[in-house]
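This briefing is meant for a reader who is meeting the structure for the first time. Please look over the sequence and the model shown here before turning to the points that follow.

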Amino acid sequence: MRGVKERITARRTYGRGAPGNCFAWPPTATVAETEQSGIALAPTTSVRELKKRVHGLKKSLHPDRQALRLELKGRTLKEDESLKSLGLKSGSKLYVKDLGPQIGWKTVFLVEYAGPLLLYLCMYRRPWLFYGEGASSVPIHHAVHIAAGCWTLHYAKRLLETLFVHRFSHATMPIFNLFKNCSYYWLFTLYIAYHINHPLFTAPGSIQVYGSLTAFLLCELGNLSIHIALRNLRPPGTTVRKMPVATLNPFTSLFNLVSCPNYTYEFGSWLAFSVMTQCLPAGLFALAGMYQMTIWALGKHRAYKKEFLSYPRSRKAIVPFLL
Ligand SMILES: NC(=O)c1ccc[n+]([C@@H]2O[C@H](COP(=O)([O-])OP(=O)(O)OC[C@H]3O[C@@H](n4cnc5c(N)ncnc54)[C@H](OP(=O)(O)O)[C@@H]3O)[C@@H](O)[C@H]2O)c1
């Protein structure tokens, strides 16, 4: 470091995931080398700034589509880490991974949640295309109306949370996620809505319907409460990640038992919805969501334990006392 401007030289060409995409960082680079690379760095230079410099060198590599790593398969460096804090020495290499074309994080969520809302409501009208002529005139059981209300509430809530509650740390994600996520949510919606709104649908008894409805509403409230608690952990405009703890809201006391109670509540909602409708496709959707959320929760749980030394050892990832 020694207070001199450090230099890095671009060693290789760029390309998606190619092993040679690295920068070396010799602190004693000559002027000729610097001119060759076009990048000059100080020890305090952040990863965010470095990405901008790489973008300056290669216009197709917008900062949002870069992941910088110390090792080829290592962790992606955080935006606010500095070259000094990363312990880079003369000759160190930084790998630049091209994450591919990006799309706004919020856009993906809005599109993937708007689809289930609209598709379900279309099916609720029993279109002739799916059910044949005259299906819309067959009487609709009150459980079907309740299911449509629950579905609408859930996805309207998610859309509003995306717009007004979540403080995301990423601005963009790979565009492929749009197709992957939309396929998952939209196709499952059609599969579930087709069965529940079918003229031959047989509803369970009132106790089962109203008991499950109560459980569904409580889980939705719990999920919203956790999202608000997570939002309040992060000051506006930052990507700070704090240790989550229970607040005065009783729904957040689930933080005492698991690291990701929003996922626990989400699964609870879909389990309740499945019992309420006695619909197998809804049960499959609940299980598929639980599987994905368990993988994410285990990852987040491990990261919390590593990052916060005082992290409560008795907490589980997603299922209290078990998982
Ligand atoms: N049915 C399904 O299949 C399914 C699957 C997944 C999710 N979901 C639903 O979608 C919701 C959102 O999912 P998600 O995976 O985005 O949830 P998440 O990772 O828990 O994040 C929710 C928001 O809180 C922020 N956050 C999380 N932990 C934080 C911390 N320790 N400090 C500060 N901010 C923190 C996140 O920021 P970052 O941007 O930094 O992560 C994000 O903006 C879930 O709660 C669930 O209701 C449903």
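The structure shown is a predicted model.

**Around the ligand**

- The ligand is surrounded by 20 residues, and the closest of them are F168, S169, L230, N262 and G289.
- Three helices, α7 (206-233), α8 (261-277) and α9 (280-307), each supply at least two residues of this shell, and α9 gives the most to it, with 4 residues.
- Divided by class, the residues of the shell around the ligand are 8 nonpolar, 7 polar and 5 charged.

**The packing of α5 and α7**

- Helix α5, which spans residues 142-164, packs with α7 at an angle of about 0°, and the axes of the two helices are 11 Å apart.
- Because angles under 35 degrees count as roughly parallel, α5 is described as roughly parallel to α7.
- On the α5 side, the residues that meet the other helix are A143, I146, C150, L153, H154, K157 and E161, while on the α7 side they are V209, L213, F216, E220, L224 and H227.
- By class, this contact of α5 with α7 has 8 nonpolar, 2 polar and 3 charged residues.

- Once its neighbours within four places in sequence are left aside, A203 is in contact with H141, A143, V144 and V209.
- A203 and Q278 are 75 residues apart in sequence, yet their C-alpha atoms are 7.3 Å apart in space.

- Most residues other than glycine have a negative phi.
- Is R126 buried or exposed? R126 is buried, because 20 other C-beta atoms lie within 10 Å, and 20 or more is what a buried residue requires.
- F321 counts as exposed, because it has 8 C-beta neighbours inside 10 Å, and a residue with 12 or fewer is taken as exposed.

How values were computed: Residues numbered from 1 in each chain as written. Predicted model: local features only at pLDDT ≥ 70, side-chain atom pairs only at ≥ 80, totals over all residues. Near = placed C-beta within 6 Å. Nonpolar A, V, L, I, M, F, W, Y, C, P; charged D, E, K, R; others polar. Contact = placed C-beta atoms within 7 Å. Axes fitted to C-alpha atoms, helices over the stretch in contact; angles between N-to-C directions. Parallel < 35°, antiparallel > 145°, perpendicular 65-115°, else oblique.
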